[in-house]
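Morning, everyone. I have one structure to walk you through today. Let me put it on the screen.

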Amino acid sequence: MEYNAKLYTQNESKINGRGVWHYLIDTPIGQIHVVEYENPQMELTRFLIDSNMEKARAKYNAICKNIVAGRI
């Protein structure tokens, strides 16, 4: 049996040279949100959020604000 998933970029930002992304993965068993950012060493930090668009948007926005403020 084959299952197909689709990936959609919801948001993408470049702040102080660091990337921040929010992806939506749509699968037959539900949606998964991936929010990730580049830390000061340019390594990726990733969060997986199950089926909650508002929570994923809030995480993305919080990361952006924290990078601008120099907290992460």
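Start just after helix α1, where Gly 70 takes a positive phi of about 80°. Keep in mind that this is a predicted model.

Phi of Asn 16 is near 50°. Phi of Ser 51 is near 55°. Why point these out? Because most residues other than glycine have a negative phi.

Where do these two sit? Asn 16 is in the loop between β1 and β2. Ser 51 is in the loop between β4 and α1. Now their surroundings. Asn 16 has 63% relative accessibility, so it counts as exposed, the cut-off being over 50%. Ser 51 has 47%, so it is partly exposed.

Now the helix itself. α1 runs over residues 53–68, which is 16 residues. From first C-alpha to last, α1 reaches 23 Å. That is close to the 22 Å expected at 1.5 Å a residue.

What caps the N-terminal end of α1? Asn 52 does. One of its side-chain oxygens lies 3.3 Å from the backbone nitrogen of Glu 54.

Next, which residues of α1 are buried? They are Ala 56, Tyr 60, Ile 63, Cys 64 and Ile 67. Look down the helix axis: the buried residues fall within an arc of 100°, so they line one face of α1. What do they pack against? Four strands: β1, β2, β3 and β4. In residue numbers, β1 is 6–15, β3 is 30–38 and β4 is 44–50. Strand β2 covers residues 18–27.

Turn to the other side of α1. There, Glu 54, Lys 55, Lys 65 and Val 68 are exposed.

Stay on the helix for one more residue. Lys 59 lies in α1. Its relative accessibility is 30%, so Lys 59 counts as partly exposed. Setting aside residues up to four places away in sequence, Lys 59 touches Val 35, Phe 47 and Ile 49. Look closely at Phe 47. The charged end of Lys 59 sits over the ring of Phe 47, 4.0 Å from its centre. What about pairs between aromatic rings? A search of the whole structure finds zero aromatic pairs.

Pick the C-alpha atoms of Lys 59 and Gln 41. The two residues are 18 apart in sequence, and 20 Å apart in space.

Last stop: a pair of histidines. His 22 is in strand β2. His 33 is in strand β3. Are they buried or exposed? His 22 has 0% relative accessibility, so it counts as buried. His 33 is buried too, with a relative accessible area of 0%. The side chains of His 22 and His 33 make a polar contact at 3.0 Å.

Who else is around them? Leave out neighbours within four places in sequence. His 22 then contacts several residues, including Tyr 8, Val 34, Ala 56, Arg 57 and Tyr 60. For His 33, the contacts include Phe 47, Asn 52, Met 53 and Ala 56.

Some of these names have come up before. Ala 56 is one of the buried residues of α1. Asn 52 is the residue that caps α1. Phe 47 is the ring under the charged end of Lys 59. Ser 51, with its positive phi, is also among the contacts of His 33.

Notes. Residues are numbered from 1 along each chain as its sequence is written. This is a predicted model: local features need pLDDT of at least 70, side-chain atom pairs count only at pLDDT 80 or more; totals for chains, interfaces and linings use all residues. Side-chain values use heavy atoms; hydrogens and water are left out. Rings of Phe, Tyr and Trp (its six-membered ring) pair if their centres lie within 6.5 Å; planes under 30 degrees apart count as stacked, over 60 as edge-to-face and the rest as tilted. A charge sits over a ring if NZ of Lys or CZ of Arg is within 6 Å of the ring centre and within 35 degrees of the ring normal. Helices (H or I, at least four residues) and strands (E, at least two) are DSSP runs, numbered from the N terminus. Buried means under 20% relative accessible area, exposed over 50%, partly exposed in between (1.4 Å probe, protein chains only). A polar contact is a pair of N or O atoms within 3.5 Å; within protein, one must be able to donate a hydrogen and the other to accept it, and residues adjacent in sequence count only if both atoms are side-chain atoms. Contact means heavy atoms within 4.5 Å. The expected span of a helix is 1.5 Å times one less than its number of residues. The arc is that of the directions from the helix axis to the C-beta atoms.
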